[in-house]
Structures are given as structure tokens and as C-alpha cells.
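Open the model in your viewer and keep the selection tool at hand. We will go stop by stop, picking residues and saying what is there.

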Amino acid sequence: MSKASPAATAFAPIVEADGEAPAFAAGECVRISVRFPVGHYRVPHYIRGKLGVIEAVIEPPAVNNEEEGFGRNAGSKRHYYRVAIPLTDLWEGYAGSPRDGLRIEVFETWLERV
Amino acid sequence: MAPDREIHDGDGHDHDHNHAHDHAGVVGDVMPGYFDIMETAVRELLVEKQLIGASEIRRQIEVLDSRTPALGAKVVARAWVDPSFRARLLADGRAACEELGITFYDDTGLIVLENTDKIHNLIVCTLCSCYPRPVLGLPPDWYKLKPYRRAPSSSRARCWPSLARSFRTTSKFALATRPRRSAIWSCPNGPKGPRASVRSSSSLWSPAMP
């Protein structure tokens, strides 16, 4: 019986796991989720529900530290995104320049496509 | 010569303060607070159960004590005079610091943000007291206080709440899994040129201009 050489073996295309590839790209508009889970979360209240623009996808992907902090992380990773939000959108009556902005890194599970 | 007076041979002067007399012992005059007691209790338990040793604690204190804003100033000054270093620093802060012998004792990365004539970056700790300790040492206490955390509501700057981002994939200590962000700090593009000194850690992350 002849063996197929590795080069001749046909492989099915690799299918990436959920969350392996970034869900958002730079330039996309996103909304920060409005959720209030009990615990130590790294999404300040003042950005929840706000619209922002993805400025950068942060590599490499990271574990969900909200889960990790409670010892629940199973090892799967997703991306952080650097999101830009104008300060005028965050603070009513903000007196500074409309170009002043916030840059914040938000984990993928907190971002919604708009 | 008075009996309590001591003259060293050969150094040509006398020392008018010696320790032939007693000083009052150093005692704490404030009762430890809740978190002081908690920290002591947890530390003693960890040592007692042999999960960590007293020498490891002392070593880590020595590590932290050896990190000061002077290291950050060295990095900034180098970036001012060496454009290729500056480019590497902005691309990968940790690797560039390591070039200068500044080691990172854990798995955190370092993101460096460059101030320009038009953009002043302000790094704000949001929730978890993340701070580039390998490069700057311990943060000033006010860095973690609420008035400073509220800075994004009033500062005229590009604000970067510094959120924890863990690069760890495994960890053996629950405390160690506290995700630490890597640190962001600014590389002031100072008008004074490479000889300008960076006066305080504040200018490195950076409510103050150097």
C-alpha cells in the first residue's frame, strides 16, 4: 500500500475558532455595551452606551481578564480595541476643545456593532 | 576629650554626634488600618503555609525600590537624541527599555505615547492602579485617588484611561492574575533638547510638562 506524500495530502481549509480573528477593524464605529454586572469591571461607567471609533486593534489577543480575575478563564482569547471617544460626547457641557478625546482599550465582549 | 566624644584616627576631624546615648525607639504612632492588617495577615499566612518565603517578599521589595523615575528619564533622554531608538520605543516600549537594561519582571507590555506640539497625552488610572513600575517605580499615591481618576472629565488633553490588559496565559498565584496593564507613559518631545532633564515622574505620564 503506498503512502500519500504530505505534499499530496489535501487538507480541509483551517477554520478559525470563534473570537480568534478580530471582530472589528480600525475605523469602525462601535457602541460600548450598557451592562452593570456585579464585580470589578474595567469599563468605566462613563463610557457605557457611548459611541466610539476603533482606532486600533490591539495585538496579541488576550484572555478576558474580567473572567480571569475571578479564576474562571478557560484560556480562550479575544482582542482589545483602542476606542476613541470625543470628550464632548462624554461630559455634558464640556468646555474644552472638541478635539480633546479619550482613548481607551475595551475588550471585544463589551463592543457592539452599530 | 569628653568620654562620650569619639575621634576617628586619621580622618582629621571629630564627629560630635555619636551613639553613646540612647535614642527613643522608632514606634508607629498610628494604629494599622483595615488594609494594613489584611495585608499582614495574608502575608503571614502565605509564609506560614510556605507558598512564598520571607526572602521572596524582601527580594520583590528590593526590585521595586530599585525602579525610580530616573530610569524613565533615561529612556526619554535617549529617545530625544537617538531617532532610531525613539522609533523602536514607540513600536515596542518594553523591548526598547530592555535594550537599556531595564528589565520587566513580569509579562506586561509597555505602550509609549509621544507628546507633540499639538497632542498632550494624559495617562489616567481608571480602576486597577496599573502603572509602569519596572520603568518608573511606585506611583505617587494621588495617582490612584479619585480626583485624579476623574481627570478625563476636565483635562485638556488626550486621555488614556489605562486599563488592565493581561498578557499572562497562566498564573499560579491568584494575586498575580490581577491583570496589569502595561503601562503607558509619554515620551515628551521636549523643546529643550536632549539635555533637558525630566524632573518628575509626573512628566512621564504626564500631567506635567518636562
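## A lined cavity

Sorted by class, the residues lining the second largest cavity are 6 nonpolar, 2 polar and 3 charged. This is a predicted model, so treat every stop as computed geometry. The whole structure has 4 cavities of 30 Å³ or more.

Select A:R42, A:N65, A:E66, A:Y80 and A:F107. Of the 11 lining residues, these lie nearest the centre of the second largest cavity. Next, colour α1 and β4 (101–107) of chain A, the elements that give two or more residues to the lining. Which element gives the largest share of the lining? It is β4(A), with 3 residues.

## Chain A at a glance

Now show chain A as a cartoon. Chain A has 2 helices and 5 strands. Along the sequence they follow the pattern β-β-α-β-α-β-β. Chain A has 114 residues, and 39% of them count as buried. Look at contacts in chain A between residues at least 6 apart in sequence: 63% of them join residues at least 24 apart.

## The cis bond

Zoom to A:E59 and A:P60. The peptide bond from A:E59 to A:P60 is cis, and its omega is near 0°. A:P60 has its place in strand β2 (residues 51–63) of chain A.

Move on to A:N64, in the loop between β2 and α1 of chain A. Is A:N64 buried or exposed? Its relative accessibility is 13%, so A:N64 counts as buried. Select the residues that A:N64 touches, leaving out those up to four places away in sequence: A:N73, A:S76, A:F107 and A:T109. A:F107 was already picked at the cavity, among the residues nearest its centre.

Take A:S76 next. A:S76 lies in the loop between α1 (65–68) and β3 (77–86) of chain A. A:S76 is exposed, with a relative accessible area of 53%. With residues up to four places away in sequence left out, A:S76 touches A:A62, A:V63 and A:N64. Now draw a distance from A:S76 to A:P61. C-alpha to C-alpha, A:S76 and A:P61 are 9.2 Å apart in space, and they are 15 residues apart in sequence.

## Aromatic pairs

Show the aromatic side chains. Over all chains, the structure holds 4 aromatic pairs. One of them joins A:F24 and A:Y81 edge-to-face, at 5.4 Å centre to centre and with 85° between the planes. This pair links distant parts of the chain.

Then select A:Y46 and A:W91. Why does this pair count as tilted? The ring centres of A:Y46 and A:W91 are 4.9 Å apart and the planes meet at 45°, so the pair is tilted. This pair, too, links distant parts of the chain, with its residues 45 apart. A:Y46 lies in the loop between β1 and β2 of chain A, and A:W91 in the loop between α2 (87–90) and β4 of chain A.

## Arginines over rings

Stay in chain A and pick A:R35 with A:W110. A:R35 lies over the face of A:W110, 4.1 Å from the ring centre. Now switch to chain B and pick B:R78 with B:F85. The charged end of B:R78 sits over the ring of B:F85, at 5.0 Å from the ring centre.

## Chain B

Chain B has 7 helices and 6 strands. From the N terminus on, its elements run β-β-α-α-α-α-α-β-β-α-α-β-β. Chain B has 210 residues, of which 40% count as buried. Among contacts in chain B with a separation of 6 or more, residues 24 or more positions apart account for 61%.

Finish at B:Q50. Where is B:Q50? It lies in the loop between α1 (34–48) and α2 (54–65) of chain B. Phi of B:Q50 is near 60°, a positive value in a residue other than glycine. B:Q50 is exposed, with a relative accessible area of 71%.

Notes:
Residues numbered from 1 in each chain as written. Chains lettered and ligands numbered in written order. Predicted model: local features only at pLDDT ≥ 70, side-chain atom pairs only at ≥ 80, totals over all residues. Heavy atoms only, no water. Helix = DSSP H or I, 4+ residues; strand = E, 2+ residues; numbered from the N terminus. Buried < 20%, exposed > 50% of the residue type's maximum accessible area, 1.4 Å probe, protein only. Contact = heavy atoms within 4.5 Å. 1 Å grid on protein atoms, 1.4 Å probe; cavity = no way out; pocket = protein on both sides within 12 Å on 5 of 7 lines; lining within 4 Å. Points joined across faces, edges and corners; volume = space filled by probe spheres on them. Nonpolar A, V, L, I, M, F, W, Y, C, P; charged D, E, K, R; others polar. Phe/Tyr/Trp six-rings, centres within 6.5 Å; stacked < 30°, edge-to-face > 60°. Lys NZ or Arg CZ within 6 Å of the ring centre and 35° of its normal.
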